[in-house]
Amino acid sequence: MFSLSPIETTTMLEPTPPPSSPPPSTLKDEVDIVIPTIRNVDFLEKWRAFFEPYHLIIVQDGDPSKVIKVPQGFNYELYNRNDINRILGSKASCISIKDSACRCFGFLVSKKKYIFTIDDDCFVAKDPSGKDINALEQHIKNLATPSTPYFFNTLYDPYREGADFVRGYPFSLREGVPTAVSHGLWLNIADYDAPTHLVKPLDRNKRYVDAVMTIPRGALFPMSGMNLAFNRELIGPAMYFGLMGDSQPAGRYASMWAGWCVKVISDHLGIGVKTGVPYIWHSKASNAFLNLKRELKGIFWQEELIPFFQSVSLSKECDTAQKCYIELSKQVRDKLGKVDDYFNKLSDAMVTWIQCWDELNPPSSQSQSQVLSLSLPLHDDAAIILSNGSA
(Lines give C-alpha, C1' and ligand atoms only; values in the text may rest on other atoms or scores of the structure.)
Protein backbone atom coordinates (compact mmCIF):
# COMPACT_ATOMS: atom_id res chain seq x y z
CA MET A 1 0.00 0.00 0.00
CA PHE A 2 1.22 3.47 -0.88
CA SER A 3 2.16 5.72 2.02
CA LEU A 4 0.23 8.96 1.54
CA SER A 5 1.62 12.08 3.15
CA PRO A 6 2.22 15.44 1.46
CA ILE A 7 5.19 17.72 1.88
CA GLU A 8 2.95 20.26 3.55
CA THR A 9 -0.47 20.31 5.14
CA THR A 10 -1.98 23.30 6.84
CA THR A 11 -5.29 24.39 8.28
CA MET A 12 -6.55 27.85 9.20
CA LEU A 13 -5.14 28.92 12.54
CA GLU A 14 -7.15 32.08 12.99
CA PRO A 15 -10.77 32.35 11.86
CA THR A 16 -11.33 34.66 8.93
CA PRO A 17 -14.54 36.33 7.77
CA PRO A 18 -16.61 33.87 5.71
CA PRO A 19 -17.77 34.70 2.18
CA SER A 20 -21.16 36.32 1.87
CA SER A 21 -22.79 32.95 1.04
CA PRO A 22 -20.88 30.21 2.86
CA PRO A 23 -21.36 26.76 1.36
CA PRO A 24 -23.33 24.12 3.25
CA SER A 25 -21.03 22.08 5.48
CA THR A 26 -21.92 18.94 3.55
CA LEU A 27 -20.80 20.53 0.27
CA LYS A 28 -17.60 21.86 1.82
CA ASP A 29 -16.76 18.30 2.82
CA GLU A 30 -17.42 16.93 -0.67
CA VAL A 31 -15.18 19.19 -2.80
CA ASP A 32 -11.44 19.38 -3.40
CA ILE A 33 -9.87 22.13 -5.50
CA VAL A 34 -6.83 20.86 -7.41
CA ILE A 35 -4.23 23.37 -8.66
CA PRO A 36 -1.06 22.56 -10.64
CA THR A 37 1.63 25.24 -10.40
CA ILE A 38 5.29 26.13 -10.73
CA ARG A 39 5.02 29.42 -8.82
CA ASN A 40 3.61 31.06 -5.72
CA VAL A 41 -0.17 30.81 -5.77
CA ASP A 42 -0.89 34.46 -5.05
CA PHE A 43 -3.80 34.25 -7.49
CA LEU A 44 -5.75 32.59 -4.67
CA GLU A 45 -6.24 36.01 -3.08
CA LYS A 46 -8.59 36.85 -5.94
CA TRP A 47 -10.56 33.68 -5.23
CA ARG A 48 -10.55 33.95 -1.43
CA ALA A 49 -14.26 34.72 -1.06
CA PHE A 50 -15.12 31.57 -3.01
CA PHE A 51 -12.28 29.13 -2.24
CA GLU A 52 -11.38 29.77 1.39
CA PRO A 53 -13.99 27.39 2.86
CA TYR A 54 -12.73 24.50 0.74
CA HIS A 55 -9.77 22.13 0.84
CA LEU A 56 -7.04 22.69 -1.77
CA ILE A 57 -4.64 20.15 -3.26
CA ILE A 58 -1.68 21.97 -4.81
CA VAL A 59 0.55 19.91 -7.10
CA GLN A 60 3.91 21.60 -7.53
CA ASP A 61 5.52 21.02 -10.92
CA GLY A 62 9.18 21.58 -11.71
CA ASP A 63 12.00 21.95 -9.18
CA PRO A 64 10.87 20.35 -5.89
CA SER A 65 13.44 22.37 -3.93
CA LYS A 66 11.61 25.58 -4.77
CA VAL A 67 9.38 26.81 -1.97
CA ILE A 68 5.84 27.56 -3.12
CA LYS A 69 4.14 30.23 -1.02
CA VAL A 70 0.43 29.94 -0.29
CA PRO A 71 -1.57 32.88 1.10
CA GLN A 72 -2.54 32.53 4.75
CA GLY A 73 -5.97 31.26 5.67
CA PHE A 74 -6.31 28.47 3.12
CA ASN A 75 -6.68 24.81 4.04
CA TYR A 76 -4.35 22.94 1.70
CA GLU A 77 -2.01 20.05 1.01
CA LEU A 78 1.02 20.62 -1.21
CA TYR A 79 2.77 17.83 -3.09
CA ASN A 80 5.96 18.16 -5.14
CA ARG A 81 7.80 15.67 -7.34
CA ASN A 82 9.63 14.16 -4.42
CA ASP A 83 6.30 13.40 -2.78
CA ILE A 84 4.91 11.89 -5.97
CA ASN A 85 7.96 9.64 -6.29
CA ARG A 86 7.80 8.64 -2.64
CA ILE A 87 4.07 7.91 -2.64
CA LEU A 88 3.84 6.10 -5.99
CA GLY A 89 7.33 4.58 -6.14
CA SER A 90 8.09 3.02 -9.53
CA LYS A 91 4.55 3.84 -10.67
CA ALA A 92 5.29 7.58 -10.45
CA SER A 93 6.32 7.41 -14.12
CA CYS A 94 2.64 7.74 -15.07
CA ILE A 95 2.55 11.32 -13.71
CA SER A 96 3.83 13.90 -16.19
CA ILE A 97 6.82 16.10 -15.43
CA LYS A 98 7.02 19.79 -16.35
CA ASP A 99 3.45 19.90 -17.57
CA SER A 100 0.15 20.89 -15.98
CA ALA A 101 -0.92 17.28 -16.56
CA CYS A 102 0.66 16.64 -13.15
CA ARG A 103 -2.68 17.87 -11.75
CA CYS A 104 -4.08 14.36 -12.07
CA PHE A 105 -1.94 13.34 -9.08
CA GLY A 106 -4.31 15.52 -7.07
CA PHE A 107 -7.21 13.53 -8.46
CA LEU A 108 -5.53 10.37 -7.21
CA VAL A 109 -5.02 11.46 -3.61
CA SER A 110 -8.32 13.26 -3.16
CA LYS A 111 -11.04 11.47 -1.25
CA LYS A 112 -13.85 13.87 -2.10
CA LYS A 113 -16.86 13.35 -4.34
CA TYR A 114 -16.23 16.40 -6.52
CA ILE A 115 -13.06 17.86 -7.99
CA PHE A 116 -12.69 21.39 -9.33
CA THR A 117 -9.39 22.03 -11.08
CA ILE A 118 -8.16 25.43 -12.20
CA ASP A 119 -4.93 26.96 -13.53
CA ASP A 120 -2.96 29.61 -11.65
CA ASP A 121 -3.43 32.21 -14.39
CA CYS A 122 -7.22 32.12 -14.08
CA PHE A 123 -9.14 34.69 -12.08
CA VAL A 124 -12.71 35.54 -11.11
CA ALA A 125 -14.73 36.67 -14.12
CA LYS A 126 -17.72 38.99 -14.07
CA ASP A 127 -21.10 38.40 -15.63
CA PRO A 128 -22.68 41.09 -17.88
CA SER A 129 -24.18 42.81 -14.81
CA GLY A 130 -20.72 43.21 -13.29
CA LYS A 131 -21.26 40.58 -10.59
CA ASP A 132 -18.38 38.25 -9.68
CA ILE A 133 -18.97 34.72 -10.95
CA ASN A 134 -18.70 31.95 -8.38
CA ALA A 135 -17.34 29.35 -10.79
CA LEU A 136 -17.20 26.56 -8.23
CA GLU A 137 -20.83 27.05 -7.21
CA GLN A 138 -22.01 26.88 -10.82
CA HIS A 139 -19.93 23.77 -11.52
CA ILE A 140 -21.54 21.99 -8.56
CA LYS A 141 -25.00 23.01 -9.81
CA ASN A 142 -24.12 21.53 -13.20
CA LEU A 143 -22.90 18.30 -11.62
CA ALA A 144 -25.79 18.00 -9.18
CA THR A 145 -28.43 18.14 -11.92
CA PRO A 146 -28.93 15.53 -14.67
CA SER A 147 -27.58 15.56 -18.21
CA THR A 148 -29.55 14.84 -21.38
CA PRO A 149 -27.14 13.13 -23.79
CA TYR A 150 -29.74 11.15 -25.75
CA PHE A 151 -31.92 13.99 -27.07
CA PHE A 152 -30.92 17.63 -27.52
CA ASN A 153 -33.03 20.24 -25.74
CA THR A 154 -33.11 23.50 -27.73
CA LEU A 155 -33.39 25.52 -24.51
CA TYR A 156 -30.10 23.91 -23.47
CA ASP A 157 -30.00 22.70 -19.87
CA PRO A 158 -33.66 22.17 -18.89
CA TYR A 159 -32.79 21.90 -15.20
CA ARG A 160 -31.57 25.49 -14.86
CA GLU A 161 -33.84 28.10 -13.31
CA GLY A 162 -36.17 29.57 -15.91
CA ALA A 163 -35.72 26.72 -18.39
CA ASP A 164 -37.52 23.46 -19.08
CA PHE A 165 -37.99 20.80 -21.73
CA VAL A 166 -39.46 22.19 -24.93
CA ARG A 167 -42.47 20.85 -26.79
CA GLY A 168 -41.58 17.63 -28.55
CA TYR A 169 -39.01 16.44 -26.04
CA PRO A 170 -39.72 12.78 -25.19
CA PHE A 171 -41.21 12.39 -21.72
CA SER A 172 -39.44 9.08 -21.33
CA LEU A 173 -36.07 10.86 -21.41
CA ARG A 174 -36.84 13.79 -19.12
CA GLU A 175 -35.32 12.24 -16.02
CA GLY A 176 -31.92 12.51 -17.66
CA VAL A 177 -28.77 10.73 -16.49
CA PRO A 178 -26.16 11.53 -13.80
CA THR A 179 -23.68 14.24 -14.76
CA ALA A 180 -20.01 13.26 -14.63
CA VAL A 181 -18.27 16.36 -16.00
CA SER A 182 -18.86 20.13 -15.97
CA HIS A 183 -16.62 21.88 -18.51
CA GLY A 184 -16.36 25.64 -18.01
CA LEU A 185 -15.27 28.38 -20.42
CA TRP A 186 -13.08 31.47 -20.45
CA LEU A 187 -13.33 35.21 -20.95
CA ASN A 188 -10.35 37.22 -22.27
CA ILE A 189 -7.83 34.61 -23.51
CA ALA A 190 -9.64 31.65 -25.05
CA ASP A 191 -8.03 28.22 -24.98
CA TYR A 192 -6.72 28.37 -28.55
CA ASP A 193 -4.11 26.17 -30.15
CA ALA A 194 -0.78 27.67 -31.24
CA PRO A 195 -1.64 28.22 -34.94
CA THR A 196 -4.80 30.11 -33.99
CA HIS A 197 -2.90 32.23 -31.46
CA LEU A 198 -0.26 33.03 -34.09
CA VAL A 199 -2.75 34.30 -36.66
CA LYS A 200 -5.01 36.02 -34.08
CA PRO A 201 -2.56 37.32 -31.46
CA LEU A 202 -4.84 40.13 -30.26
CA ASP A 203 -8.06 38.13 -30.23
CA ARG A 204 -9.96 38.28 -26.93
CA ASN A 205 -13.17 36.53 -26.00
CA LYS A 206 -15.65 39.12 -24.76
CA ARG A 207 -18.79 37.10 -25.41
CA TYR A 208 -20.60 35.84 -22.32
CA VAL A 209 -23.23 33.25 -23.20
CA ASP A 210 -25.36 32.32 -20.20
CA ALA A 211 -25.97 28.73 -21.19
CA VAL A 212 -25.13 25.17 -20.22
CA MET A 213 -25.68 22.24 -22.54
CA THR A 214 -25.16 18.51 -22.51
CA ILE A 215 -22.72 17.29 -25.15
CA PRO A 216 -24.72 14.71 -27.14
CA ARG A 217 -23.92 11.03 -26.95
CA GLY A 218 -21.43 10.07 -29.67
CA ALA A 219 -20.00 13.59 -29.99
CA LEU A 220 -16.43 14.32 -28.91
CA PHE A 221 -15.24 17.69 -27.63
CA PRO A 222 -11.93 19.50 -26.93
CA MET A 223 -11.69 19.52 -23.14
CA SER A 224 -9.65 22.14 -21.30
CA GLY A 225 -8.36 21.49 -17.80
CA MET A 226 -8.11 25.11 -16.68
CA ASN A 227 -11.77 25.42 -15.59
CA LEU A 228 -13.10 21.93 -15.07
CA ALA A 229 -15.10 20.01 -12.49
CA PHE A 230 -16.12 16.38 -12.30
CA ASN A 231 -17.75 13.78 -10.13
CA ARG A 232 -14.81 11.75 -8.96
CA GLU A 233 -16.97 8.80 -7.95
CA LEU A 234 -18.51 8.52 -11.42
CA ILE A 235 -15.58 9.22 -13.75
CA GLY A 236 -12.45 9.83 -11.66
CA PRO A 237 -10.48 6.76 -12.85
CA ALA A 238 -10.83 7.92 -16.46
CA MET A 239 -9.68 11.49 -15.73
CA TYR A 240 -6.04 10.78 -16.57
CA PHE A 241 -4.13 13.49 -18.43
CA GLY A 242 -1.65 11.11 -20.04
CA LEU A 243 2.09 11.51 -20.60
CA MET A 244 3.07 15.07 -21.50
CA GLY A 245 5.92 17.48 -20.91
CA ASP A 246 9.50 16.50 -20.07
CA SER A 247 10.95 13.69 -22.27
CA GLN A 248 7.65 13.26 -24.13
CA PRO A 249 7.25 13.92 -27.88
CA ALA A 250 4.15 16.09 -27.52
CA GLY A 251 2.67 18.62 -25.15
CA ARG A 252 -0.50 20.64 -24.54
CA TYR A 253 -2.71 17.69 -25.40
CA ALA A 254 -3.14 16.37 -21.87
CA SER A 255 -6.67 17.68 -21.36
CA MET A 256 -7.60 16.76 -24.95
CA TRP A 257 -6.62 13.14 -24.32
CA ALA A 258 -8.43 13.03 -21.01
CA GLY A 259 -11.53 14.56 -22.56
CA TRP A 260 -11.71 12.07 -25.41
CA CYS A 261 -11.26 9.14 -23.02
CA VAL A 262 -13.79 10.52 -20.56
CA LYS A 263 -16.39 11.16 -23.24
CA VAL A 264 -16.36 7.70 -24.84
CA ILE A 265 -16.42 6.09 -21.38
CA SER A 266 -19.24 8.38 -20.20
CA ASP A 267 -21.23 7.50 -23.31
CA HIS A 268 -20.69 3.81 -22.64
CA LEU A 269 -21.66 4.05 -18.96
CA GLY A 270 -24.71 6.21 -19.67
CA ILE A 271 -23.58 9.32 -17.81
CA GLY A 272 -23.36 12.89 -19.06
CA VAL A 273 -20.92 15.70 -19.85
CA LYS A 274 -21.94 19.37 -19.78
CA THR A 275 -20.23 22.47 -21.17
CA GLY A 276 -20.92 26.19 -20.88
CA VAL A 277 -21.04 28.38 -17.77
CA PRO A 278 -19.24 29.05 -15.51
CA TYR A 279 -16.71 31.41 -17.04
CA ILE A 280 -13.35 32.31 -15.54
CA TRP A 281 -11.02 35.16 -16.59
CA HIS A 282 -7.97 33.67 -18.31
CA SER A 283 -5.35 36.34 -17.81
CA LYS A 284 -2.52 35.48 -20.17
CA ALA A 285 -1.60 33.48 -23.24
CA SER A 286 1.58 31.42 -23.21
CA ASN A 287 4.22 31.81 -25.94
CA ALA A 288 2.60 30.75 -29.21
CA PHE A 289 5.90 29.85 -30.89
CA LEU A 290 6.93 27.55 -28.04
CA ASN A 291 3.44 26.11 -27.97
CA LEU A 292 3.62 25.35 -31.68
CA LYS A 293 6.75 23.28 -31.08
CA ARG A 294 5.04 21.41 -28.25
CA GLU A 295 1.81 20.86 -30.16
CA LEU A 296 3.23 19.99 -33.56
CA LYS A 297 3.02 16.20 -33.35
CA GLY A 298 -0.33 16.37 -31.61
CA ILE A 299 -1.76 18.51 -34.41
CA PHE A 300 -0.88 15.76 -36.90
CA TRP A 301 -1.76 12.88 -34.58
CA GLN A 302 -5.22 14.16 -33.76
CA GLU A 303 -6.32 13.55 -37.35
CA GLU A 304 -5.93 9.86 -36.55
CA LEU A 305 -6.90 10.06 -32.88
CA ILE A 306 -10.35 11.50 -33.55
CA PRO A 307 -11.44 8.68 -35.91
CA PHE A 308 -10.06 6.21 -33.37
CA PHE A 309 -12.16 7.59 -30.53
CA GLN A 310 -15.19 7.89 -32.80
CA SER A 311 -14.95 4.16 -33.47
CA VAL A 312 -14.22 2.98 -29.91
CA SER A 313 -16.58 0.28 -28.70
CA LEU A 314 -16.42 -1.09 -25.16
CA SER A 315 -17.75 -4.45 -24.07
CA LYS A 316 -20.77 -4.99 -21.83
CA GLU A 317 -18.45 -6.33 -19.15
CA CYS A 318 -17.02 -2.83 -18.76
CA ASP A 319 -19.42 -1.59 -16.11
CA THR A 320 -17.02 0.68 -14.18
CA ALA A 321 -14.75 3.51 -15.24
CA GLN A 322 -11.72 1.39 -14.29
CA LYS A 323 -12.76 -1.54 -16.46
CA CYS A 324 -13.55 0.80 -19.34
CA TYR A 325 -10.17 2.48 -19.05
CA ILE A 326 -8.23 -0.79 -19.04
CA GLU A 327 -10.09 -2.00 -22.13
CA LEU A 328 -9.52 1.36 -23.80
CA SER A 329 -5.79 1.12 -23.04
CA LYS A 330 -5.66 -2.16 -24.97
CA GLN A 331 -7.33 -0.54 -27.96
CA VAL A 332 -4.88 2.35 -27.77
CA ARG A 333 -2.01 -0.12 -28.06
CA ASP A 334 -3.64 -2.16 -30.84
CA LYS A 335 -4.87 0.73 -32.98
CA LEU A 336 -2.58 3.68 -32.19
CA GLY A 337 0.69 1.89 -31.46
CA LYS A 338 1.34 1.80 -35.19
CA VAL A 339 0.93 5.59 -35.40
CA ASP A 340 3.84 6.13 -33.01
CA ASP A 341 5.58 4.12 -30.31
CA TYR A 342 4.55 6.88 -27.89
CA PHE A 343 1.07 5.34 -27.80
CA ASN A 344 2.47 2.00 -26.65
CA LYS A 345 4.08 3.83 -23.74
CA LEU A 346 0.86 5.74 -23.13
CA SER A 347 -1.10 2.48 -23.10
CA ASP A 348 1.24 1.16 -20.40
CA ALA A 349 0.88 4.40 -18.44
CA MET A 350 -2.92 4.12 -18.60
CA VAL A 351 -2.71 0.70 -16.95
CA THR A 352 -0.26 2.02 -14.34
CA TRP A 353 -2.62 4.90 -13.61
CA ILE A 354 -5.47 2.51 -12.85
CA GLN A 355 -3.18 0.46 -10.63
CA CYS A 356 -2.36 3.64 -8.70
CA TRP A 357 -6.01 4.57 -8.53
CA ASP A 358 -7.04 1.19 -7.15
CA GLU A 359 -4.19 1.21 -4.63
CA LEU A 360 -5.01 4.67 -3.29
CA ASN A 361 -8.77 4.21 -3.60
CA PRO A 362 -9.69 0.70 -2.42
CA PRO A 363 -13.38 -0.26 -2.11
CA SER A 364 -13.40 0.84 1.52
CA SER A 365 -12.08 4.24 0.46
CA GLN A 366 -14.25 6.18 2.89
CA SER A 367 -12.86 4.49 5.99
CA GLN A 368 -9.42 4.46 4.41
CA SER A 369 -9.55 8.21 3.80
CA GLN A 370 -10.38 8.79 7.45
CA VAL A 371 -7.33 6.79 8.48
CA LEU A 372 -5.16 8.66 6.00
CA SER A 373 -6.40 12.07 7.14
CA LEU A 374 -5.45 11.22 10.70
CA SER A 375 -2.00 10.04 9.61
CA LEU A 376 -1.10 13.17 7.63
CA PRO A 377 1.76 15.18 9.17
CA LEU A 378 0.36 18.47 10.41
CA HIS A 379 1.99 21.80 11.13
CA ASP A 380 1.81 22.94 14.73
CA ASP A 381 -1.03 25.35 13.97
CA ALA A 382 -3.11 22.58 12.42
CA ALA A 383 -2.39 20.29 15.37
CA ILE A 384 -3.60 22.99 17.74
CA ILE A 385 -6.87 23.36 15.86
CA LEU A 386 -7.47 19.62 15.74
CA SER A 387 -6.76 19.30 19.44
CA ASN A 388 -9.37 21.99 20.05
CA GLY A 389 -11.85 20.04 17.94
CA SER A 390 -12.53 22.92 15.57
CA ALA A 391 -10.89 21.85 12.33
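1. In this predicted model, a cluster of aromatic residues is joined by ring pairs: Trp-257, Trp-260, Trp-301, Phe-308, Phe-309, Tyr-342 and Phe-343 are its members. Searching the whole structure gives 21 aromatic pairs.

2. One of these pairs consists of Trp-47 and Phe-51, whose rings are stacked, with 4.6 Å between the centres and 10° between the planes. Helix α2 (residues 44-51) holds both residues, which are 4 residues apart, about one turn of the helix. Trp-47 and Phe-51 are both buried.

3. The pair of Tyr-79 and Phe-105 is edge-to-face, with 5.2 Å centre to centre and an angle of 70° between the planes. Distant parts of the chain are linked by this pair, for Tyr-79 belongs to strand β4 (residues 75-79) and Phe-105 to helix α4 (residues 104-109), 26 residues apart.

4. Which residues does Gly-106 contact, once its neighbours within four places in sequence are left aside? The contacts of Gly-106 are then with Val-34, Ile-57 and Val-59. Between Gly-106 and Glu-77 the separation is 29 residues in sequence, while their C-alpha atoms are 9.5 Å apart in space.

5. A charged side chain also meets an aromatic ring in the model: Arg-174 lies over the face of Phe-171, 3.8 Å from the ring centre.

6. For the protein as a whole, the model contains 13 helices and 10 strands. The protein has 391 residues, of which 51% count as buried. Among contacts with a separation of 6 or more, 75% are between residues 24 or more positions apart.

Notes
Residues numbered from 1 in each chain as written. Predicted model: local features only at pLDDT ≥ 70, side-chain atom pairs only at ≥ 80, totals over all residues. Heavy atoms only, no water. Phe/Tyr/Trp six-rings, centres within 6.5 Å; stacked < 30°, edge-to-face > 60°. Helix = DSSP H or I, 4+ residues; strand = E, 2+ residues; numbered from the N terminus. Buried < 20%, exposed > 50% of the residue type's maximum accessible area, 1.4 Å probe, protein only. Lys NZ or Arg CZ within 6 Å of the ring centre and 35° of its normal. Contact = heavy atoms within 4.5 Å.
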